[in-house]
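Student: I am new to this structure and would like to be walked through it. Could we take it one question at a time?

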Amino acid sequence: MSNYLDKIVARKREEVAEAKSRHSTADLMAMIADAPTPLPFAQSIRQRNGIIAEFKRKSPSKGVIHEGIMPRDVVGAYSEAGVSAISCLTDTDFFGGSLADLHEAVSYASVPVLRKEFVIDEVQLLEARAYGASAVLLIAAILTSDEARHLALTAKQLGLEVLMELHGEDEVGYVSEGVTVAGINNRDLRTFTVDLDHSIRVSHLLPADLPRISESGIRGIDDMVRLRRAGFDGFLIGECFMREANPGEACKLLCHDYAKAMNI
């Protein structure tokens, strides 16, 4: 695990303890009772254009991407662009996000919203459901296979779908019951180099009936068309939208060009 992941996971352990002292399971379950019904995540990927458009302000590797922007400035336009889903970063210290961002994103979205977080504990799943997410990200690199299996099943019981993020062939076994979408990250977590061929190699080892998402380093239509023709159902794209002055308009343009390129 890379050094930055070590730091993030250490901070997550502190945040989990803080969350458990702040809200009891009963409190979160009461919030869940009033939360919106989750929207079908995997189905939306297959029935729409497959793009998961991301909202984030910064990242450890790229620094500040779009300071001060709010979900309400972006998410409605993402939905109007025709994306399949929206990813919302909720990590505060490293990505500048929050659960308040998730709640706002859900209120402006007409498609499923994914809580993108470094999930290591059930309480984070309860939070995701309480704040309106339809799906959660689980990252194989920070979990044991038993932890991943347990969290995926817990998410399923809560009505959440799971995008399981993989980085290598040795993590394919993390795709278990409760996982509805498999994501392959093109970025090496140790060197930060990006290799789209890596996604293609790993994707061939995944169950054929599971939607497949390519993540990180997707720069434009040529990459998307290549990955789609290699068997991917969709893409998680954030930085190329969020670096623009108007991320929503950038998303609309890319969705239009992608539809034209794929004749869809």
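This is a predicted model: local features need pLDDT of at least 70, side-chain atom pairs count only at pLDDT 80 or more; totals for chains, interfaces and linings use all residues.

Student: In what order do the 8 strands close into a barrel?

Tutor: Strands here are DSSP runs of E with at least two residues, helices are runs of H or I with at least four, and both are numbered from the N terminus. Two strands pair if DSSP finds at least two bridges between them. In this barrel the pairing is parallel, and the order is β1-β4-β5-β6-β7-β8-β9-β10.

Student: Which residue in β7 is the bridge partner of Val-136?

Tutor: Strand β6 (residues 135–139) and strand β7 (residues 161–166) run parallel and are joined by 5 bridges. In β7, the partner of Val-136 is Val-162.

Student: At roughly what angle do the axes of α1 and α6 cross?

Tutor: Axes are lines fitted to C-alpha atoms, for helices over the stretch in contact, and angles run from 0 to 180 degrees between N-to-C directions. Contact means heavy atoms within 4.5 Å. On the α1 side, Lys-12, Val-16, Ala-19, Lys-20 and Arg-22 meet Val-123, Gln-124 and Glu-127 of α6. The axes of α1 (residues 3–22) and α6 (residues 122–130) come within 9 Å, and the crossing angle is roughly 65 degrees.

Student: How many of the 9 residues of α6 are buried?

Tutor: Buried means under 20% relative accessible area, exposed over 50%, and partly exposed in between (1.4 Å probe, protein chains only). The buried residues of α6 include Leu-125 and Leu-126, and the buried set packs against α1, α2 (25–34), α5 (99–108), β5 (113–116), β6 and α7 (145–158). Helix α6 is largely enclosed by the rest of the structure because the number buried is 8.

Student: Which helix holds the aromatic partner of Tyr-78?

Tutor: Rings of Phe, Tyr and Trp (its six-membered ring) pair if their centres lie within 6.5 Å; planes under 30 degrees apart count as stacked, over 60 as edge-to-face and the rest as tilted. The structure holds 3 such pairs. Tyr-78 and Phe-241 form a tilted one, 5.7 Å centre to centre with 55 degrees between the planes. Tyr-78 sits in α4 (residues 75–81), and Phe-241, 163 residues apart from it, lies in α10.

Student: What is the angle between the planes of Phe-235 and Tyr-258?

Tutor: Phe-235 lies in strand β10 and Tyr-258 in helix α11 (residues 247–262), so this pair ties together parts 23 residues apart in sequence. Phe-235 is buried at 0% relative accessibility, and Tyr-258 is buried at 0% too. The pair is edge-to-face, 5.7 Å centre to centre, and the angle is 90 degrees.

Student: What is the phi of Ser-216, about?

Tutor: Most residues other than glycine have a negative phi. Ser-216 is in the loop between β9 (212–215) and α9 (221–229), and at 17% relative accessibility it counts as buried. Although Ser-216 is not a glycine, its phi is positive, at about 80 degrees.

Definitions and conventions
Residues are numbered from 1 along each chain as its sequence is written. Side-chain values use heavy atoms; hydrogens and water are left out.
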